[in-house]
Amino acid sequence: MGRTQLVDRSTLLGIVAILLWSATVALARSISERLGPLTAGAAVYLAAGTLLGLHFVWAERSFQTLRRLPGRYVFGCGALFVLYTLALFLALGLAADRRQAIEVALLNYLWPTLTILFALALLEQRAGPSLIPGTLLALCGVFLVLTQDTAVTWASFSVNVRRNPAAYGLGAFAAVAWALYSNLTRRWGGSDGRGAVPLFILVTGAAFGLARAFYGESGAWDVRVVGEVAVLALATGCAYVFWDLAMRRGDVVLVASVSYLTPFFSTLVSCFYLRVQPGLRLWVGCASIVSGSLLSWYSVRRTAGTPVRSEANRSAW
């Protein structure tokens, strides 16, 4: 009975982690509006990294775990982690308005589908026939999101993207970077499943701070922005701890399945917190991205018999 309760609690904490991550886009955009994306990223990730570092020291009481990790995982996957976070924060900060920030976030949510596609080559996974419609459905979702309030044509899509190519380009780059990280973490990571996420987050915060030193940003701290930084840093730190517990002791298949609903939860929270009135096409596009991701995931899970898992699933932005 005690073990059953532990598993149930761990699974629940995994779902809580997904809900915590769903607030990332809304808070990151709000903080970036006041401080700039570089200052926002530095504040959030240095605070979250410190929190996770303290938890790591308390839980492990040794740095032997980090020392045993393969070098290509630490440096290769670490670089992808930093690049992904920099690209996403910059994309959200460079968005022309809050609605465009939500569009950029949904573009970033192509990473689950891309993860499956890259797994075919990098992890030698085998996919079933549902991979093709799943991929097409996710791409159609992005197409719908990026043609809001205009005709659903390639011309309107191109015009919208050209209005802010930096934001959309960084959002797409973030999706590719995280998909690569997802696969290479599994390929290069340690066999015991332990990773270096606390270290990656601290380095990410330092990278933001270094970029901030070279490219000054004008912003003003106030009570609200301090609160938002604290909440996002705490949510990020807690989410990683909760997810790690769920992956070790919970129902992995259930939690992984729920994680693919993150685009929906994130869009819902972002529209509410940022006070954006979403159009029908945005919701249809969001549903297409979620459905396409699930179909792609199911195609590999059905063929291989087990879900594609990696440390990268811990951050389902």
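This is a predicted model: local features need pLDDT of at least 70, side-chain atom pairs count only at pLDDT 80 or more; totals for chains, interfaces and linings use all residues.
Local features need pLDDT of at least 70 and side-chain atom pairs count only at pLDDT 80 or more, while totals for chains, interfaces and linings use all residues. Residues are numbered from 1 along each chain as its sequence is written, and side-chain values use heavy atoms, with hydrogens and water left out.

User: How many helices and how many strands are in the chain?
Analyst: Helices (H or I, at least four residues) and strands (E, at least two) are DSSP runs, numbered from the N terminus. By this definition, the chain has 15 helices and zero strands.

User: What percentage of the residues of the chain count as buried?
Analyst: A residue is buried under 20% relative accessible area, exposed over 50%, and partly exposed in between (1.4 Å probe, protein chains only). The chain has 317 residues, and the buried part of them is 51%.

User: How many aromatic pairs does a search of the whole structure find?
Analyst: Rings of Phe, Tyr and Trp (its six-membered ring) pair if their centres lie within 6.5 Å; planes under 30 degrees apart count as stacked, over 60 as edge-to-face and the rest as tilted. With this rule, the number of aromatic pairs found in the whole structure is 18.

User: Which kind of aromatic pair do Phe89 and Phe208 form?
Analyst: The ring centres of Phe89 and Phe208 are 5.5 Å apart, and the angle between the planes is 65°. This pair links distant parts of the chain, with Phe89 in helix H5 (residues 71-94) and Phe208 in helix H11 (residues 197-214), 119 residues apart. Both Phe89 and Phe208 are buried. The pair is edge-to-face.

User: Why do Phe143 and Phe157 count as a stacked pair?
Analyst: The ring centres of Phe143 and Phe157 are 5.2 Å apart. Phe143 lies in helix H8 (residues 131-145) and Phe157 in helix H9 (residues 154-163). The pair is stacked because the planes of the rings are at 15°.

User: Which residues do ring pairs link into a cluster?
Analyst: The cluster contains Phe, Tyr and Trp residues. Its members are Tyr73, Phe81, Tyr84, Trp178, Tyr181 and Phe200.

User: In which helix is the place of Leu136?
Analyst: Leu136 is partly exposed, with a relative accessible area of 49%. The place of Leu136 is in helix H8.
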